[in-house]
Amino acid sequence: MHFTRADFPEDFVFGAATAAYQIEGHGFGGAGSTHWDTFAATPGNVLGAQDGAVACDHYHRYAEDLDLLQAAGMDAYRFSTSWARVMPEGRGPVNQDGLDFYDRLVDAMLARGLKPYQTLYHWEMPSALSDLGGWTNRDVANWFGDFTEVIMDRIGDRVEAVATLNEPWCIAFLSHFLGHHAPGLRDLRAAARAMHHVNLAHGEAMQRLRARNQKNCGIVLNFDYAVPADNDPDTLAATDLQDGIANRWFIEAITKGTYPTVVTDGFGDHMPKNWQDDMDLISKPIDWLGVNYYTRHIIAPDREQPWPSIKALDDPLPKTDMDWAIFPEGLKNFLVRLSNDYVGDMPVFVTENGMAGDDRLSDDAVDDPIRAQFVNDHILATKDAIDAGANVKGFFYWSLLDNYEWAFGYDKRFGIVHVDYETQKRTPKASYHALAQALKTNR
Ligand code: FCB
């Protein structure tokens, strides 16, 4: 790594991120069914129809996993608290075992000097609420608000920071328009409603968090860098629309209380009635913004298809195992743009950045030089953004462990720690050791 801690502000935090369904083992401890369980059980949705029932067995092995973070010299751990583990039906009865698990987990972080960065929703909608329409039902905001209170009553006194939602674009658009994630809908009307209700649920949860004086409340958004394929006005318009759907829809709503009109025009009458009345709640101040960044897309108009009539072209850049182009400059650009156009001096954290690689275990080691380079380049891009004036306060690698990569099952390995799913043995990869080395220098 070509950086040390001395290159970053003194209070800058380095950490790694995970999410509940991807690592815990949802089959343990009385957790309720989620829309990912049924989506995975339906042929053709997930590679090998794999689900999160066992995953990395983190539910039982969390102590060992937190030891790995501590041994790497990390300052913080970004984790999520599963709604269906805490409230198996999504509403009503609380699963004490679920609350006890998160209580132990947070204490175990603190015992190792790791700051807990919690995410309230990282995609596992309880099935009983899916039955009622999940994100397409306006009531989801209140259901989510109630869950927020239940979990924060138990661990809110000890977490360093809390994010309402992880990646609302994925929750709403990827899952209700593109159909790639649970609940797997491909429907304009469902998408329009989910796109608004995720923001409303964020606003409602923020209000509940404020009412209990919870500190450091924010949200984690994903940003996808849109590059026009050429300078044709139609191409520029398609790129602007793509940026509107993927990026501006969320950050603009949350910081300014407005939606890009290119997107509301496309959703038309499918937007929930009187959505304008919700924008005040949606845009109440947040304390910090989480930025997830992975890749860019080269955008062109797709005249064969109805709105949004956009397609992504092949990218000549080197790609990861997900087929995602590697473009660290995109991270710097977003961090600077967000600071200039939306959040000013508000603290920003890179809450996810990482890559899947074709990692092979040999002699108890994994040599992953491409990942080490990737991490280095994105951490340096973060430093460039700080030098350009962005108030970035931390960087979390995605992910600590190889884990359940949603529609790709266990096929894609993002971890700095390798997981053998047969034995659950953890093996830190070369990138883990390189990062640990960098974090120990100039401590
Ligand atoms: C993000 C998700 C995370 C993981 C990474 C690769 O979109 O937040 O759960 O799947 O992508």
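Let's start with the ligand: its surroundings are made up of Gln22, His122, Trp123, Asn166, Glu167, Tyr294, Glu352, Trp398, Glu405, Trp406 and Phe414. Keep in mind that this is a predicted model. Sorted by class, that shell holds 5 nonpolar, 3 polar and 3 charged residues.

How much of the ligand's accessible area does the protein cover? On its own the ligand has 300 Å² of accessible area, and the protein covers 95% of that.

Now for a helix pair. Helix H3 spans residues 58-71 and helix H5 spans residues 96-111; they pack with their axes 10 Å apart and at an angle of about 5°. Angles under 35 degrees count as roughly parallel, so H3 and H5 are roughly parallel to each other. On the H3 side, the contact is made by His58, Tyr59, Tyr62 and Leu66. H5 brings Asp97, Phe101, Arg104, Leu105, Ala108 and Met109 to the contact. By class, that makes 7 nonpolar, 1 polar and 2 charged residues where H3 meets H5.

A few backbone spots are worth a look as well. In general, most residues other than glycine have a negative phi, and most peptide bonds are trans. Which residue here has a positive phi without being glycine? That would be Asp57, with phi near 55°. Asp57 sits in the loop between helix H2 (35-40) and H3.

As for peptide bonds, the one running from Ala182 to Pro183 is cis, with omega near 10°. Pro183 belongs to the loop that links helix H8 (168-176) and helix H9 (188-211). Trp307 and Pro308 are also joined by a cis peptide bond, with omega at about 10°. Where does Pro308 lie? Look in the loop between strand E6 (288-301) and strand E7 (310-313).

Key: Residues are numbered from 1 along each chain as its sequence is written. This is a predicted model: local features need pLDDT of at least 70, side-chain atom pairs count only at pLDDT 80 or more; totals for chains, interfaces and linings use all residues. Side-chain values use heavy atoms; hydrogens and water are left out. A residue is near a molecule or strand if one of its heavy atoms lies within 4 Å of it. Accessible areas come from the Shrake-Rupley method with a 1.4 Å probe; for residues, only the protein chains shown count as cover. Ala, Val, Leu, Ile, Met, Phe, Trp, Tyr, Cys and Pro count as nonpolar, Asp, Glu, Lys and Arg as charged, and the others, Gly among them, as polar. Axes are lines fitted to C-alpha atoms, for helices over the stretch in contact, and angles run from 0 to 180 degrees between N-to-C directions. Helices (H or I, at least four residues) and strands (E, at least two) are DSSP runs, numbered from the N terminus. Angles under 35 degrees count as roughly parallel, over 145 as roughly antiparallel, 65 to 115 as roughly perpendicular and the rest as oblique. Contact means heavy atoms within 4.5 Å.
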